Number of protein chains: 2
Amino acid sequence: MEGLLVPTVGVGKRPLLRFLGTSFFLSNIVVGASPGFPVSQRSSCATPTTPLFCFFRASVRPPSPQVPLLQVSGPLLLLQLLETPLLCLLSYASLVATNAARLRLIAGPEKRLLELGLRRAQGPDGGLTASTYSYLGGFDSSSNVLAGQLRGVPVAGTLAHSFVTSFSGSEVPPDPTLAPAAGKGPRVDLAASVKVWLERVCAHLGLGAQEPHPGERAAFVAYALAFPRAFQGLLDSYSVQRSGLPNFLAVALALGELGYRAVGVRLDSGDLLQQAQETRRVFRTIAAQFQIPWLESVPIAVSNNVDEEALARLAQEGSEVDVIGIGTSVVTCPQQPSLGCVYKLVSVGGQPRMKLTEDPEKQTLPGSKAAFRLLGSDGSMLLDVLQLVEEPPPQAGQELRVWPLGAQEPCTVMPAHVEPLLRLWVQQGQLCEPLPSLAESRAFAQLSLSRLSPAHRQLQSPAPYQVALSEKLRALVDSLSAGGPQ
Amino acid sequence: MEGLLVPTVGVGKRPLLRFLGTSFFLSNIVVGASPGFPVSQRSSCATPTTPLFCFFRASVRPPSPQVPLLQVSGPLLLLQLLETPLLCLLSYASLVATNAARLRLIAGPEKRLLELGLRRAQGPDGGLTASTYSYLGGFDSSSNVLAGQLRGVPVAGTLAHSFVTSFSGSEVPPDPTLAPAAGKGPRVDLAASVKVWLERVCAHLGLGAQEPHPGERAAFVAYALAFPRAFQGLLDSYSVQRSGLPNFLAVALALGELGYRAVGVRLDSGDLLQQAQETRRVFRTIAAQFQIPWLESVPIAVSNNVDEEALARLAQEGSEVDVIGIGTSVVTCPQQPSLGCVYKLVSVGGQPRMKLTEDPEKQTLPGSKAAFRLLGSDGSMLLDVLQLVEEPPPQAGQELRVWPLGAQEPCTVMPAHVEPLLRLWVQQGQLCEPLPSLAESRAFAQLSLSRLSPAHRQLQSPAPYQVALSEKLRALVDSLSAGGPQ
C-alpha cells in the first residue's frame, strides 16, 4: 500500500501479548524430529521465564522495509520458532489498520464509519482482528458484537433484509400498544397510529396508502415495539420511495407522538448518494409539513460494496450521508490484500548481521537499533532516524548529521522535538509498562496520522517520508558491505 | 472468480458442524435489548435441540447466485442470527478452496504444491482455514503444523534463512559424528567428510573451496546431523551457484557415503525456473562424475511470491521444478479477495418468498429447492437442475423439459446419470450421515473438478455452466413475479 503504515505493534498488541506473555506457545509448540516435521512429538522448547525482549514503535510509520516494526532478542531457537507466529499476528492487523486509516482519510473527520465485514473475513478470528484494527485505524464502530465484548470496540448495526422480508403484513403483534417515552400517560395502539400517519404521509408524498408494502410496515412496527428508543428503518427491501420511506415515516411519526425519536435509516442498494439526497429532501418537507424539526436530521446510513472510490463520492461536499457501512473493502484490503512483513536476523551473539543482496529493498540493516522521530517546532514530522541502540539519542535543538536512505550524501537536521519510536515492552516475560486501552491506542494513532503533512497524507503517489541512518549505523553498513556476503 | 466454485459446505464442514452441532452458539449468542445492540444482556435464544435442517451440495458448482450452497430451515429468529456466522464460516473456506483448485489446474497434476501462507493470513485461525481448504482444493501439503495436528493436512517444510544465516562457520557441533544409515559400521566425522567432499565438488565446478560461505555450510552440517534422513538445503542465503549449491552437494555427498539420501533443495529468490534448470544440470554432472545416480533426481522446491502467472511458467514443459511453495497468492486470493455469498429468505411458514429486483443477478429463487446434476453417458456434466423440494427427482434415461436460467425457451435433456446435489445433513441437531475425512473430501472435490469439460475448466473466460429450473419452479417464479414486489 502506498504511503504510510499504521503498525499495530505498539497500539494493538493484545493478541501478541497473549501469545508471548503466557506459556501457551512455549508449552504447546510442536517440534518434529523426522522428515517433513510430522506431528509426532511435543516438547517444551523453553520455559515461560525465558528472557524475551520486545521493542516496538507506536505510531504511523513509513512502509520502508528497513524500519523495524518490532525487535525481539532472546535464545536463537525460540526466536526462530517465533517467526511465523509473529508475522501472522502483526501483518494483517497492521494492514487492516492502515487500510482503515486510508478510508478515514477519504471520508474526512465527520462521517461515521461502520465496519460490517465479519462475513467476508477469514473466519471468526480473522473477523475479530478486522473489527478491532479497523476501529484502531479510524472507524467508529463495528457490527461484530464479539469485538465489542472482547475488545471494547463500539458496536453498532441496523436491521436485516431477512427480518423485513419475513413479514407479510398479516401478522398480529402480541401487544400493539406502547407507553409514552416519558412514562406518563396511557398506552397507545402503535399499529393503529401508524395507519393514521401512513395516510397523512402518503397524501403528502402523492402516493396511494396501499402502495407501501404491508409486510415491511409490519416489520417496522414490530421493531419499534421492541426498540422504541432505537427505531430505525432499512428502506430498500422493496422500493425506497414508494414503500420504505413512507413506511418508515409513518412509524417514526407515530413514535414521535409518544415522545420517541427515530435514530436512523439505512439504504443498501442503488445510487446511495442520490437516494440519500432524496431521502433528506423528504425528511425536510415532512418535518416542515408536520412541524417535527428533529426529523430533518435523522441520520442516513448507507452500505453496499462501498470501496475507496464510492466512499470518496459519498463523502463529497453536500452529501447527506451520515454513516457509511463498509465490509469487504475494509476487511479484505482489495488494493493490497497482504502486507509483506519479513523477520530478519540482525545480530547473533552481539555480532551484527546483514543480508546483502542486489536488491536494495531486500537489504537489511545490521545490529540492534533505536529509532527516533524528529519533529519541527510546529509538531510536523521532519524525518525518522535509525541508529545503533548504544548511541546517545538525538537531542532537541541540536544539529544532527544523518544519511538519508538511498542518498549518497549526508544532511543535517535540527529537531525541535525528538520522539523515541522503539520502546522496550516486554522484559523477562514481564510487561514494562501498562497497556493502553484500545480507545487510547486509537486516539494515539489518529494523532499520529494528523501530524502527517498533506504531501505525505495523500493517497495517490504520496511523497516518500524520509528515513535516515546515524553516522555510526551508516559506517557499520559500509564496513559489512565491503566484507562481501555475510 | 470466473468459472466454477469449489464450495466447502459439503466437503469441509467441520467448523460449521462444530458451530451448529453444539450448544455453543445457542447458549452464548449475545442478544442486546437497547440501541446499537450493546453487549448488556445474554440470553439463550433456543435450546440445543431446536430443529435445524441443513442441506448441502458437495462438489464443484457454478458460481451462479441462484444455486444454493446451503439451505437451512428452522425457527426464524434462530435462522436470522445464523446469517453472519454461516457466511463467515462458508465464504472464505469456499473461496480459498476454489483458488487452490485454480492453482492446481495451472500447475497440472504432477507438481507438488505446498501451502506456505500462514504469515499472510488474517491471524492464526484464518491461517488454519487457509491451510485446510487449500489442501482440499488440490494442494499437497502445508507448512502449518497446527493444520496437520488438528485437521490432518499433510505437513511439509524446508528450513529458514534465519537458521542458515545464524551460523558464522566458527561453531563446533557438540558431536560431529554420525552412524551409517543401516546402523552397522563405525560412526564417521561428518564435518570432516564434508570438507573433503567440498574440495572435490568445488574442483569439479571450477570454484575455489574457500568461496562457499562457511556459515551456510555449518548450518547444513548441523541440519544433517539432526535430520540425516531428511537433509535438505536452502540454497539462496548467499549465492546459489557459488555457495548454496556446492555446500549442499558437499553435505549431501558426505551423507550419501553413509547411506543417507538428501530429500531436496529450495530456491527462494531470483529467476526460479532458470535456477532450477541450472541446479538440475549441476546435479546431473555431479551425479555422473561421482556415480551417484539418485542425486540427479533430488527434488527441487521453489518459492518467492509465486502467483498464477509465475506458477504457469514454473509448471511449463521441461521445467525441473518439483515442488512449488505458494503463500500469499493462495491465502489472500488476490484476484478476488472475497466471495460474495449471500443468505436469503426463500420461504416463511411454507409460503415461498422471492426478492424481486431489476438486477436479475440479485433475484432470488423462491421456495425450498432440490438440486440435481445431470450427467452424460461418459460422466460429463450436462447441466444442473433446480426444482421444488416436493417434486420427484429427474430419472436417468428419461427426457426432461427444463428452463435454462436466462433463456426464454425451455429445452429438453436426457441424462444418463442423475446426482442429487443438496443432501440432508443435520436434522434435529443430529448428523444424518458420517462425515467424510478431509482426505476423502479432497478426493471427491478433485474427482468433481476432473469431470469438468475443458471449456468449463479454462481459467480465462470459461464457458458458463448451465443451470436450469424445473417447469414447476419456473411457473412459481412467474406467478410471484406477476404479483409484484413480495
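For helices I took DSSP runs of H or I of at least four residues, and for strands runs of E of at least two, numbered from the N terminus. With that, I placed A:H213 in the loop between α7 (190-205) and α8 of chain A. I kept in mind that this is a predicted model, where local features need pLDDT of at least 70, side-chain atom pairs count only at pLDDT 80 or more, and totals for chains, interfaces and linings use all residues. Residues are numbered from 1 along each chain as its sequence is written, chains are lettered from A and ligands numbered from 1 in the order in which they are written, and side-chain values use heavy atoms, with hydrogens and water left out.

**Around A:H213**

I looked up accessibility next, with buried meaning under 20% relative accessible area, exposed over 50% and partly exposed in between (1.4 Å probe, protein chains only). A:H213 comes out buried, at 11%. I found a polar atom of its side chain 2.9 Å from the backbone nitrogen of A:G215.

A:N247 sits in helix α9 (residues 240-257) of chain A and is buried, with a relative accessible area of 0%. I listed its contacts (heavy atoms within 4.5 Å), leaving out residues up to four places away in sequence: A:L198, A:P212, A:H213, A:E216, A:R217 and A:F220.

**Helix α8**

I found A:V221 in helix α8 (residues 214-226) of chain A, buried at 7%. Not counting residues up to four places away in sequence, A:V221 touches A:L190, A:A191, A:V194 and A:V251. I also checked A:V221 against A:L365, 144 residues along the chain, and their C-alpha atoms are separated by 64 Å.

**Aromatics**

I counted rings of Phe, Tyr and Trp (its six-membered ring) as paired if their centres lie within 6.5 Å; planes under 30 degrees apart are stacked, over 60 edge-to-face and the rest tilted. The whole structure has 16 aromatic pairs over all chains. One of them is A:F220 with A:F231, edge-to-face because the planes are at 70°, with centres 6.1 Å apart. A:F220 is in helix α8 and A:F231 in the loop between α8 and β7 (232-234) of chain A, so the pair ties together parts eleven residues apart in sequence. A:F220 is buried at 0%, and A:F231 is buried at 0% too.

I see B:F231 in the loop between α8 (214-226) and β7 (232-234), and B:F248 in helix α9 (residues 240-257), 17 residues apart. Back in chain A, one aromatic cluster includes A:F163, A:F167, A:Y223 and A:F283.

**Helix α4**

I found 13 of the 15 residues buried, so α4(A) is largely enclosed by the rest of the structure. Just after α4(A), A:G138 takes a positive phi of about 135°.

**Cysteines**

How many disulfides are there over all chains? I searched for cysteine sulfur pairs within 2.5 Å and got zero. A:C341 is in no disulfide, with the nearest cysteine sulfur, that of A:C88, 11 Å away. A:C341 counts as buried at 12%, and B:C202 is buried at 1%.

Conventions
A polar contact is a pair of N or O atoms within 3.5 Å; within protein, one must be able to donate a hydrogen and the other to accept it, and residues adjacent in sequence count only if both atoms are side-chain atoms.
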